[in-house]
Structure formats: structure tokens, C-alpha cells
Amino acid sequence: MNSPVPYTGSEKESLHAALDRHRDVVLWKLEGLDDEQVRRPMTPTGTNLLGLVKHLATVEYGWFCASFGYEVEKLWFDPATEDMTVAPDETTAGILAFYDRARAAADRAIEKTDLDVTGTSWNGRTVSMRWVLIHMLEDVVRHAGHMDIVRELIDGSTGDHPRPVPSGA
């Protein structure tokens, strides 16, 4: 966690590293919380930490895999209406495993696809891998920010990575 973006990396390497850095923040936002806390709706619209992870897994598959013709696992929910909600029979471990699989599948697509290669998105637009990397970086950062606020409301924890405990504390 908290791997730096390379100061002199290639465009693709730098974009992917930045995405990975914020994906790790998403997971860190759940650390130390119990099942009730990660599911607790914290806004009037019901936003909760686990629902945001489920959404991010869904869009990783959609943008990186489906847009470029790579395999997407069969979803057990309607992504148009249920990607930010967590059903009572969905477990925290199950959603986290879904996110891990989506990240791994997206990483394979990123590795295999040059930045200028185009695919077709869910809405019929032609998109390049470069555009998708930028878009997904924006989406993950945006939702990590939401998660930061939700986590602060749950237990006061803030930040984008664990802070070292000062010696003598």
C-alpha cells in the first residue's frame, strides 16, 4: 500500500500505478471495521463503504474488460440498479473477493492493451485504453474521497494511508 507513482515512469506505468495506489486506499478504508460498520448507510441516499467497493468492482470489469472484449464474470445483480447496494445475502468477504477479481481482470486487460487501442464502452462510445485509465483513476479517486468522509463519520479515521505512530506515543 501507498506505493508511489514512478517519477520517471512511462505514461501507462504511471497511470496504472496511480490507479493502484487509490485502489489500495479503497481497501484501507474498510480495515478494522466490522460487517455492520462497512454496510452502515451514512448518507440520505444510503451510501456505505461496502456498496462503494461493489460499485468500483463493477466498473473495473465494465470499463477495462467489457470495453475491450475481455472476459467479465457473470454478475449476480443488476449493475444498472444494484451496483452500489449490498443485499443481505452478500458478505463482506464476497464483495472484497469480487473487487480483487475485478482488479486482477482489469490489470490483465491493461497489461495486454496499448494505450491507443480503442474499444466500445457500455454506452456505445469508442474509447481508448488511455481514456479508460484516466476515467477510472478519476472514478476511484472520487469514490475514495467519499469513503474518506464515510469512514470519518463512522469512527473518526481520516487520510489516504496509515500514518506511522510517532515514537514514544
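Start by selecting Met 136. Leaving aside neighbours within four places in sequence, Met 136 is in contact (heavy atoms within 4.5 Å) with Leu 19, Val 59, Glu 60, Trp 63 and Phe 64. Met 136 sits in helix α5; helices here are DSSP runs of H or I, at least four residues long, strands are E runs of at least two, and both are numbered from the N terminus. Met 136 counts as buried because its relative accessibility is 0%; buried means under 20% relative accessible area, exposed over 50%, and partly exposed in between, with a 1.4 Å probe and protein chains only.

A word on what you're looking at: this is a predicted model, where local features need pLDDT of at least 70 and side-chain atom pairs count only at pLDDT 80 or more, while totals for chains, interfaces and linings use all residues. Residues are numbered from 1 along each chain as its sequence is written, and side-chain values use heavy atoms, with hydrogens and water left out.

Now colour all of α5, residues 129-155. At 1.5 Å a residue (times one less than the number of residues), its 27 residues should span 39 Å, and the end C-alpha atoms are 38 Å apart, which agrees. Just after α5, click on Gly 156, which takes a positive phi of about 85°.

Keep α1 on screen and bring back α5. Two packed helices are described by the angle between their axes and the distance between the axes. Axes are lines fitted to C-alpha atoms, for helices over the stretch in contact, and angles run from 0 to 180 degrees between N-to-C directions. For α1 and α5 the angle is about 25° and the axes are 9 Å apart. The two are therefore roughly parallel; that label covers angles under 35 degrees, with over 145 roughly antiparallel, 65 to 115 roughly perpendicular and the rest oblique. The residues making this contact include Leu 15, Leu 19, His 22 and Val 26 of α1, and Leu 133, Met 136, Val 140 and Met 147 of α5. The α1 and α5 crossing is left-handed, meaning the near helix is turned anticlockwise from the far one by less than a right angle (clockwise would be right-handed).

Look for Leu 19, Arg 23 and Val 26 in α1 meeting Val 53, Leu 56, Glu 60 and Phe 64 in α3.

Stay on α3 and pick Leu 49. Is Leu 49 buried or exposed? Buried, because its relative accessibility is 0%. Not counting residues up to four places away in sequence, Leu 49 touches Lys 29, Leu 30, Leu 33, Val 38, Met 147, Val 150, Arg 151 and Ile 154. From Leu 49 to Lys 29 is 20 residues in sequence and 7.8 Å C-alpha to C-alpha.

Last stop: Phe 77, in the loop between α3 and α4. Phe 77 is buried, with a relative accessible area of 8%. Beyond neighbours within four places in sequence, Phe 77 is in contact with Lys 54, Thr 58, Glu 82, Asp 83, Glu 90 and Phe 98.
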